[in-house]
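I opened my notebook to go through one chain piece by piece. Here is what I looked up.

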Amino acid sequence: MQTWKRTLIGLVAGLAAAASTLPASAQQAGTQFIGITGYRVGPYGANGAAFFGGFTDYLAMINERDGGVNGVKLSWEECETEYNNAKGVECYERLKTKSATGPTAIHPMSTGITYAILDKAVTDKIPLITLGYGRTDATDGRVFPWVFPILSNYWDAATGIVKFIGEKEGGAANLKGKKIVLLYHDSAYGKEPHPVLEAEAKKLGFELKMIPVPHPGNEQQSQWLQIRQYQPNWVILWGWGVMSATALQTAQKVGFPREKMVGNWWAGSEIDTVAAGPAATGYYAASLNLAGKGFPVVKDIEDKVYAKGKGGDAKLVGTVLWNRGMAAAMITVEAVRKAQEKYGKKPVSGEQVRWGIENLKLDAGRMKALGFNTMLPPLEVSCQDHGGSGQVRFQQWTGTEWKSASDWMRGDSVLVRKMIEESAAKYAAEKGIKPGCAS
Amino acid sequence: MLYRESGQFKTSYAADQQLFPILQDRAAVLALLAFALVGVPLVATDYWFTAILMPFLVFSLATLGLNILTGYAGQLSLGTAAFMAVGAVAAYNFQLRVPGIPILVSFMLGGLSAAAVGVLFGLPSLRIKGFYLAVATLAAQFFIPWLLVKVSWFSNHSASGVITAQPVVIAGFAFDTPVRKYLLVLVIVAVMALAAKNMVRSRVGRAWMAVRDMDVAASVIGIRIMQTKLIAFAVSSFYCGVAGALYAFAYLGSVEPDGFNLDLSFRILFMVIIGGVGSILGSFLGAAFITLLPILLEVILTDVTAMTGIALPPGFISMAQLVVFGALIIFFLIVEPHGLARLWQIGKEKLRLWPFPH
Amino acid sequence: MNFFFEVLIGGLLAGVMYSLVALGFVLIYKASGVFNFAQGAMVFLAALTFVGLQEKFGLPLWGAFPLTLGVMVLLGIGIERVVLRPLVNQPQITLFMATIGLAFFLEGIAQIVWGTDVRRLDLGLQDEPIESIMTNFNLLVSKFDLAAAFVAGVLVAVLAVFFNKTRIGRALRAVADDHQAALAVGIPLKQIWAIVWSVAGFVALVAGLLWGARNGVQFALTFVALKALPVLILGGFESVLGAIVGGLIVGASEKLAEVYLPALMSEFLLKHYDISINLAGIEGWFAYMLALVFLLVRPEGLFGERHIDRV
């Protein structure tokens, strides 16, 4: 016992000594350092593993294939946040000191962490890219110069889903008198679509019933029995983690057709459907990006990265979230490229990257050149519109894979824009921000 | 030799009753405080302030709160994070809705709100004991964040239920940089820790310990069980509430009620156990240990793999960290179940004899 | 009225699923006085090992089951040897904390070995309504839930026989009654603990298979432990029967409450205070509140043993 106790004392002393050296090694100079606040453990570890797997695989491919961005090599480090806000802040603070040019841009991949580091990012001049999550009203870049909800936000998704349902019903006019249930994760995330869906219900005349599922959502008997009794025409699934798979499974249990269920993009990956098994077949989900391996960029990654044994988990390649992570990396890299056009071919700082994102324009031709083809919609970011696309596309689970079930489409963008500006203006007033575009 | 209290004669009751009756203790506490107030701001970087010192201080305060309840009064609680949430949201609302209210008063009122809620959920402790009580406090842990999300008034009707804390300004002085925030939190934590130190040796504190050691015996010698337990809940929740307010205002800036989850409660309970049940110093040691350990593990594992160039499967480090953390906790509990405070005590005894041990 | 029965039946069957997890807690608490928070992690580990073995070696259900059981038994023995034995005579809370450490450890190990992918577990039984009841009574009863209830019933029966009719079972009960007395009459305490943890591993495996087949095998399986806690308070930490009855009460009342209460409360608030609020989602805490109120009346749970303190 005595020796063990000595070991323990040694351990504690060693930790104290090691602590004084925090944060340790800096990154090698001359590279474009990208800080990644990721998560691969915990309840959402599977989602994180796919997203950040795609993210780092793309960065590795850029280094292998092109030798970096205009000759500037990329380097990166991933810090584990466990999807925990406090740990996210620690990771953010650690990564920001790792390189003279900062962490380029941060993808928190968690709405909670986005909120926690939002103010800090403004002071530190580090852009946040929130691909399909985070603050919806940050789309108004005049109030949130440092936050980029790139592609589409939750309100685009919600109105897009309503539009999709309208099309399935044979036109938006047919929605009148229809019954739609929103089954949502009872949290900040699940509450996001409420205002916009309520506005849509009023406008289009459908009946909306919102049913919350308490975290974690691995038991939904009572919710689905209510749905069975209510007999809605459609169910919108606003799920995250185990809740989505359980919803599909329980829908089967109560005999609700999955072809009448539409998820949002965090409830629409292989992780959600595989776990539900055959119960998921026929289920639709809004998506920010297409799934699948049939894109030149995926082939490049397989040839240049996986063939050399430098990739991550090969099973994840081509899945919805892996492709999304890759898209997120591409947007970061292209922002760096854009910034280099203006500031020179050397590692660029957060402030310069911010300019790069805000002036990013990836039309269909450019997407094709990058090897993404139709995986993503054309993107044009501006100070007014930090989203740059607002489009969603629907995919359907065939039982083995996600198949595209619609074209790129836009929801009620006028309504969304109006609500974003109202919300952003309220935030600006609370915080004493003077909205405007930096020149 | 170094830590010898013989020869320190007390000639008045006042001298005998002071908070740190031993000269070396007094000197050490003063030196530590002086270092934290002056030395640390000179050497520490922003990373240290925001990512390590701030959570360390805030969690120390919460740990202190739980330690009062669990360590001194013997009532196990798993609802710490919920009381922190009450403190944070209450402070936010006082600041928002009462014009011109000083922020420190908001913190106080946040703590008092938490205390009121704490007393409410402490009522069952009059009948339930031990693990049944622990699981019963889970009711608070699940109910309170639910209520805070559900009633949008609490978050000033923000769409997502997230509250963004107001800037901290005291008498026209803005606490906006990491150093300033650190100093503010440090002062609050130091004052409250000393108050706790004083409280646990007072009549109330002694009553707590009597109830903890054997409640039936305590009631036989005339201690009012109900009053004692409820005071413990109130004081403990007050500390947690203030910690929650600081967590929101000084540390994170904006918080969502769901962030105050069971994991956080467990983490704080860990800090109490690792630091030492029933020890003020232990609360700080435990908070430091649990805050630093995962960060260090990750940094060490990342650096080791980077240096040796071993290509590990992605995510391995994250999981290895979990494994090592779990194993270390078990190892720690086996080797020193009384926590870091006990190690410190052993160290002091050694110092008393050093350099001539027998 | 049909709807009411549907919710009631659904709730009772969901309660059985909670009971399955609660059983594991009860076994360990009974024999060693440890509140084993790692039970959820054990459920996760068992299910993950099971599908992992199936996937890696293409084993059939009946091949993977004994292998996984073997792993769980080894784990039980290992836990007794490495964690419990050195912690004998420590306060309950220390042991409780050690099991939380154990939970982290198991979660990490499970994912290092088998990866973080979400997997499907196919027991060959779809979660679908039973047609005949559906057509004749317009009542929804799930095939899967009914099968799960059957499994739980068999499990309890087996445990009851094991506890009451076998030599080891009698020794277990003796240990549960009084450690010291059991030691004094020559019952090997350490072996008994290893056996109990192994049996708890077996229960975790059964729970893991059923929950995993419903939700997919993923990290969220560890959360099923949270649903088991109110069951435990209601039923008492020490009673196998209590775990079952507690589960049924929690399941049924929680579902009924979620379906009927929020609407009533919202209506009441709107009518009398003019507050419009959607209170749905009370399921997350209702069971705990119920247990809390219940404890005020009977602090040792429904079937728990009453302790008398002496000065």
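Helices and strands here are DSSP runs, numbered from the N terminus. I keep in mind that this is a predicted model.

**Entry 1: a loop residue.** I looked up A:Asn70. A:Asn70 sits in the loop between α2 and β2 of chain A. Its phi is positive, about 50°, although A:Asn70 is not a glycine. Is A:Asn70 buried or exposed, or in between? I found 14 C-beta neighbours inside 10 Å, so A:Asn70 counts as partly exposed.

**Entry 2: another loop residue.** I turned to A:Met109, in the loop between α3 (85–96) and α4 (111–124) of chain A. A:Met109 is not a glycine, yet has a positive phi of about 55°. A:Met109 has 30 C-beta neighbours inside 10 Å, so I list it as buried. The cut-off for buried is 20 or more.

**Entry 3: two strands.** I checked β1 (residues 32–38) and β2 of chain A. They pair in the parallel sense over seven bridges. From β1(A) the chain passes through helix α2 (residues 45–66) to β2(A), and this β-α-β crossover is right-handed. A:Phe33 has A:Ser75 in β2(A) as its bridge partner. Strand β2(A) covers residues 74–80, and five of its seven residues are buried.

**Entry 4: two helices.** How do α5(A) and α7(A) cross? Their axes come within 9 Å and cross at roughly 30°. That makes α5(A) roughly parallel to α7(A). The crossing is right-handed. Residues making the contact include A:Trp155 of α5(A) and A:Leu197 of α7(A).

**Entry 5: a proline.** I found A:Pro216 in the loop between β6 (207–213) and α8 (221–230) of chain A. The peptide bond from A:His215 to A:Pro216 is cis, with omega near -5°.

Terms used: Residues are numbered from 1 along each chain as its sequence is written. Chains are lettered from A and ligands numbered from 1 in the order in which they are written. This is a predicted model: local features need pLDDT of at least 70, side-chain atom pairs count only at pLDDT 80 or more; totals for chains, interfaces and linings use all residues. A residue is buried if 20 or more other C-beta atoms lie within 10 Å of its own, exposed if 12 or fewer, and partly exposed in between; C-beta atoms are placed from the backbone. Helices (H or I, at least four residues) and strands (E, at least two) are DSSP runs, numbered from the N terminus. Two strands pair if DSSP finds at least two bridges between them. A crossover is right-handed if, with the strands pointing away from the viewer, the path from the first strand over the helix to the second runs clockwise. Axes are lines fitted to C-alpha atoms, for helices over the stretch in contact, and angles run from 0 to 180 degrees between N-to-C directions. Angles under 35 degrees count as roughly parallel, over 145 as roughly antiparallel, 65 to 115 as roughly perpendicular and the rest as oblique. A crossing is left-handed if the near helix is turned anticlockwise from the far one by less than a right angle, and right-handed if clockwise. Two residues are in contact if their C-beta atoms, placed from the backbone, lie within 7 Å.
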